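Hi everyone, thanks for making the time today. Please bring up the sequence and the model on your screens, and we will walk through them together.

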Amino acid sequence: MHHGSAVPRRAGFRRGAAALTFVALTAGTALTGAPAATAAGSAALAGKACTPTEGFSGCRLFDPTTAKQEFTVPSGVTGLDVRAWGEGGGGNSMASGGAGGFVAGTLKVSPGEALSIAVAGLNAGDAPGGKGGSNGADRGGNSSAIRTSGGSALVVAGGGGGGGGDIATGQAGAAGGESGQDASEKDRGGKGAIGAQGGAGTGNGAAGADHAKGGAGGAGGAGRYGGGGGGAGYAGGGGGTGAETGSSTGNNPTTGSGGGGSSYAEPARVDNARLVVGSGTKAPEKNDPFWAPSDNPVDSGVAEGGANAPGGPGRIVLQWQGLPVDRLNQVTGTDVTTQPGTDVKPLAVVAQGKDGKPVADASVTYTIEDPDGLKPLFYLTGGPDDDKTVVATDAQGRAPSPWIGLGSRKEGSFTVRAKTLGASTAFTVRVKESPYVVSAYGGDKQKAEQGQDFADALVARVIKAGTTAPAGTEVEFRVEDTAEDAPRFEGEDRVVRVKTDESGEATAPALTAGEGTGTYTVAASVGDAMTQFAVEVVPGDGSQEPGSGEESGSPSPSPTADPSPSAEPSPSTSDGTSGTTGGDGTSTTGGTSTNLDGGSLASTGAGGIGLLLAAAAGLAAVGFAAFRLAPRLKLRSRDDG
């Protein structure tokens, strides 16, 4: 199943809860996961999050796009492991295209440095391959490149030459290496580029462009039977000759294929550089974990020369060793329970170092284990649903998974494992029937400044067996984040229990923002049946009107659909009067992050806990600035006097 959005169709109205389109990314396959969400005040890294190889914590994979992408080197990173493939040249039934080139090494960088990324593909890449001359001749492959923000070449992977239009068993030249290969047709095929010098064209085929002139491949010669185009690169390969007569008229073959482009690694910036040439149509480094075959029988795999097919696309992968991750803390989705056939909202972890600080830009790989045959799969944008995906942590160390769909209506459980270099954790998701439905009825998706109350109370509505739940049914509200700087009910309680009124509604006490900024999840549950609210804490600079989230925090006219109910609890035997109990809580309920404003904001932040309420009047006299600067002490319960 393919989706244009990471939000399941059954929950399409929950647009604020979707992962970015990975951000994201676009999302993708096991190598190209959902795009990383964007934290407030920081831009998500370009590319798609990918599972790094041993020894690396961060990974971005770039496939062809029509526009160049800018990658900003993460904080603290001074070296990038680089792997780049150029595009293979196109081939036909008479002549095959040449393979694209491969370049690898360690690129020396500075934190915050901007790099320009161009990946070769149809109408994409750094320099264009030469056009086929005419009538069945094929174009040369485009080049992939990493350049400085000023345009200087750091890494260039050349493109293979394109097949000529009238040759039996012809072979275009593969890309370099420091030099591209010549096409196989003696005196008719284009020549491979040599270093910074473009390859010569043959006959009426055009020469490839020198590096100083952009590195484009030379066009194939024109004629009734066209010549193949040269591959692009650091310098371009030459085009093969075209002709007016061909072997189909009883003559010997008269046209030629294109030569391959050259590849390059800047000696002053790339250590341990490897420039690898393919063999004919065979792509170089096919044993690399980031190389990928075609997902269909028509197209070619990464950098493969076309064998009666288009050439395979290029690819660039960047890896790095960032701050070490000591642990992954579950912040939404612990002990989730859902109804059979109901989608599971995103789970989320926060990556932290030994000092407890969040670790940004780490790749977190989510994997589903399904012993009970429930057929759960991540909803992925732009690709098939899968049981594995990769998400990058944002500036607050948070990595939310995509939504999870269930392909079976059976009861049971499954496990979702989150893993990064140095740490892992496992979520358990239970699937079971329940007569209860809990929905967010009011107060969802609102904002408050640090230390302030959220303007609207959280209101949950409970349905039992299709009708309003009995008055006095107990609902538990729980802030899922355990950090001391997270929001708390009445400034102190992480968990409160509230009884429903005659309308089946339970209203939580005032929720007070802590010093942590970002998006937080509050779960409301009746037994295992539950729903989630998303609230956002913004910096206390007076610029944000409390309560002005993406949507109004006022109650909606009808309950929110798509809750995740489960086992039936025993309703309270008290009357219909609403009431609350508070504390730290000992039980756990599931919950998932909900993004506000289309982005995922972390639930961790710079810490602190509340001021004494006794000081509030004095602070009001000197203004909120004093409130922000004063030491934060733990708020006492308002019921304590």
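Let me start with a question: is Phe378 buried or exposed? Phe378 is buried, with a relative accessible area of 0%. By buried I mean under 20% relative accessible area, with exposed being over 50% and partly exposed in between, using a 1.4 Å probe and protein chains only.

Before going on, a word on what you are looking at. This is a predicted model, where local features need pLDDT of at least 70 and side-chain atom pairs count only at pLDDT 80 or more, while totals for chains, interfaces and linings use all residues. Residues are numbered from 1 along each chain as its sequence is written, and side-chain values use heavy atoms, with hydrogens and water left out.

Now the overall picture. The protein chain has two helices and 35 strands; these are DSSP runs numbered from the N terminus, with helices being H or I of at least four residues and strands being E of at least two. Of the 641 residues in the protein chain, 58% are buried. The accessible surface comes to about 23500 Å², and carbon and sulfur atoms own 50% of that. Those areas come from the Shrake-Rupley method with a 1.4 Å probe, and for residues only the protein chains shown count as cover.

Next, the cysteines. The structure holds one disulfide, meaning a pair of cysteine sulfur atoms within 2.5 Å. This one joins Cys50 to Cys59, with 1.9 Å from S to S. The link of Cys50 and Cys59 is left-handed, with -90° about the S-S bond. Cys50 is buried at a relative accessible area of 0%, and Cys59 also counts as buried, at 0% relative accessibility.

Strand 3 pairs with strand 7, residues 114–118, in the antiparallel sense over four bridges; two strands pair if DSSP finds at least two bridges between them. Gln69 has Ile117 in strand 7 as its bridge partner.

Phe71 brings us to the aromatics. Rings of Phe, Tyr and Trp (its six-membered ring) pair if their centres lie within 6.5 Å; planes under 30 degrees apart count as stacked, over 60 as edge-to-face and the rest as tilted. By that rule there are seven aromatic pairs. In one of them, the ring centres of Phe71 and Trp320 are 5.7 Å apart and the planes stand at 55°, so the pair is tilted. Because Phe71 lies in strand 3 and Trp320 in strand 13 (residues 315–320), this pair ties together parts that are 249 residues apart in sequence. Phe71 counts as buried at 0% relative accessibility, and Trp320 is buried too, with a relative accessible area of 1%.

Then there is the partner of our opening residue: Tyr366 and Phe378 form an edge-to-face pair, 6.4 Å centre to centre with 65° between the planes. Tyr366 sits in strand 17 and Phe378 in strand 18 (residues 376–378), twelve residues apart. Tyr366 counts as buried, at 0% relative accessibility. And back at Phe71, this residue forms one aromatic cluster with Phe62 and Trp320.

Most residues other than glycine have a negative phi, and most peptide bonds are trans. Which peptide bond is cis, with omega near 25°? That is the bond from Gly176 to Gly177. Gly177 belongs to the loop between strand 10 (170–171) and strand 11 (264–265), and Asp187 is in the loop between strand 10 and strand 11 as well. Asp187 is not a glycine, yet has a positive phi of about 70°. Asp361, again not a glycine, has a positive phi of about 65°. Asp187 counts as exposed at 61% relative accessibility, whereas Asp361 is buried, with a relative accessible area of 16%. You will find Asp361 in the loop between strand 16 (348–352) and strand 17 (363–369).

Three bridges join strand 16 to strand 20, and Ala348 stands opposite Pro400 in strand 20. Thanks, everyone!
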